[in-house]
Amino acid sequence: MINIRIIFFLLAGTLFFFLLLRFQGKLETKFSPASIVSLELAHDAQSVQDITTIWNEEGMTSRAKTNIRIDFLFIPFYAMLFYTLCGSISVRMNGIPAKLGVLLAFGS
């Protein structure tokens, strides 16, 4: 049986880091309209260069580095939350939903 306190702890941590990343990472420019996500999904080296250059010119480099460091704390929280919720589904259900919960938990 999954402890509900674990789920709430992981949910609270996930929401905390999500909101922290959202409000700390104000990195929108003409080259990065989606903030740090624009850098993460840049399709070529020139796009990355454009984004980092304008962040450097506007003094956003340290904020971007901090945002990336916070993201490394966020990743374990949402991954473990997803794993725990999928595992909880597989324990509480039978048949196809149980098998799907196990597959999703291992996939996370």
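Trainee: What span should the 12 residues of helix α5 have, and how far apart are its end C-alpha atoms?
Mentor: This is a predicted model, and helix α5 covers residues 96–107. At 1.5 Å a residue, its 12 residues should span 16 Å. The computed distance between the end C-alpha atoms agrees with that, at 16 Å.

Trainee: Which residues of α5 are buried, and on how wide an arc around the axis do they lie?
Mentor: The buried residues of α5 are A98, G101 and A105. They are on the same side of α5, because the arc they cover around the axis is only 60°.

Trainee: Which residues are exposed on the other side of α5, and which helix do the buried ones pack against?
Mentor: On the other side of α5, the exposed residues are I96, K99, L103, F106 and G107. The buried residues of α5 pack against residues 61–92, which form helix α4.

Trainee: Which residues of α1 are buried, and what arc do they cover around the axis?
Mentor: In α1 the buried residues are I7, L10, G13, T14, F17, L21 and Q24. They sit on the same side of α1, because around the axis they cover an arc of only 160°.

Trainee: Which residues of α1 are exposed on the other side, and what covers the buried ones?
Mentor: R5, F8, F16 and F23 are exposed on the other side of α1. As for the buried residues of α1, what covers them includes α4.

Trainee: Is T14 buried or exposed, and which residues does T14 touch?
Mentor: T14 is found in helix α1. Its relative accessibility is 10%, which is under the 20% limit, so T14 counts as buried. Not counting residues up to four places away in sequence, T14 touches F74, F77, Y78 and L81.

Trainee: How is R63 classed by accessibility, and how far is R63 from Q24 in space?
Mentor: R63 is found in helix α4. Its relative accessibility of 29% falls between 20% and 50%, so R63 counts as partly exposed. Leaving aside neighbours within four places in sequence, R63 is in contact with Q24, K26 and L27. R63 and Q24 are 39 residues apart in sequence, while their C-alpha to C-alpha distance is 7.6 Å.

Trainee: How much space lies in the largest pocket, and which elements give two or more residues to its lining?
Mentor: The space in the largest pocket is about 250 Å³. Its lining residues are F18, L21, R22, G25, E28, A34, S35, I36, V37, E40, N67 and D71. Two or more of these residues come from each of α1, α2 (36–40) and α4.

Trainee: Where does S35 lie, and what is its phi?
Mentor: S35 lies in the loop between α1 and α2. S35 is buried, because its relative accessible area of 8% is under 20%. Most residues other than glycine have a negative phi. S35 is not a glycine, although its phi is positive, at about 60°.

Trainee: Is I36 buried or exposed, and which residues does I36 touch?
Mentor: I36 lies in helix α2. At 11% relative accessibility, I36 counts as buried. Not counting residues up to four places away in sequence, I36 touches L27, W55, A64, N67 and I68.

Trainee: What is the relative accessible area of N67, and which residues does N67 touch?
Mentor: N67 has its place in helix α4. N67 is buried, with a relative accessible area of 3%. Residues up to four places away in sequence aside, N67 touches L21, Q24, G25 and I36.

Methods: Residues are numbered from 1 along each chain as its sequence is written. This is a predicted model: local features need pLDDT of at least 70, side-chain atom pairs count only at pLDDT 80 or more; totals for chains, interfaces and linings use all residues. Side-chain values use heavy atoms; hydrogens and water are left out. Helices (H or I, at least four residues) and strands (E, at least two) are DSSP runs, numbered from the N terminus. The expected span of a helix is 1.5 Å times one less than its number of residues. Buried means under 20% relative accessible area, exposed over 50%, partly exposed in between (1.4 Å probe, protein chains only). The arc is that of the directions from the helix axis to the C-beta atoms. Contact means heavy atoms within 4.5 Å. On a 1 Å grid over the protein atoms alone, a cavity is a set of points where a 1.4 Å probe fits but cannot get out, and a pocket is an open set with protein on both sides within 12 Å along at least five of seven lines; lining residues have an atom within 4 Å of a point. Grid points are joined across faces, edges and corners, and a volume is the space filled by probe spheres set on the points.
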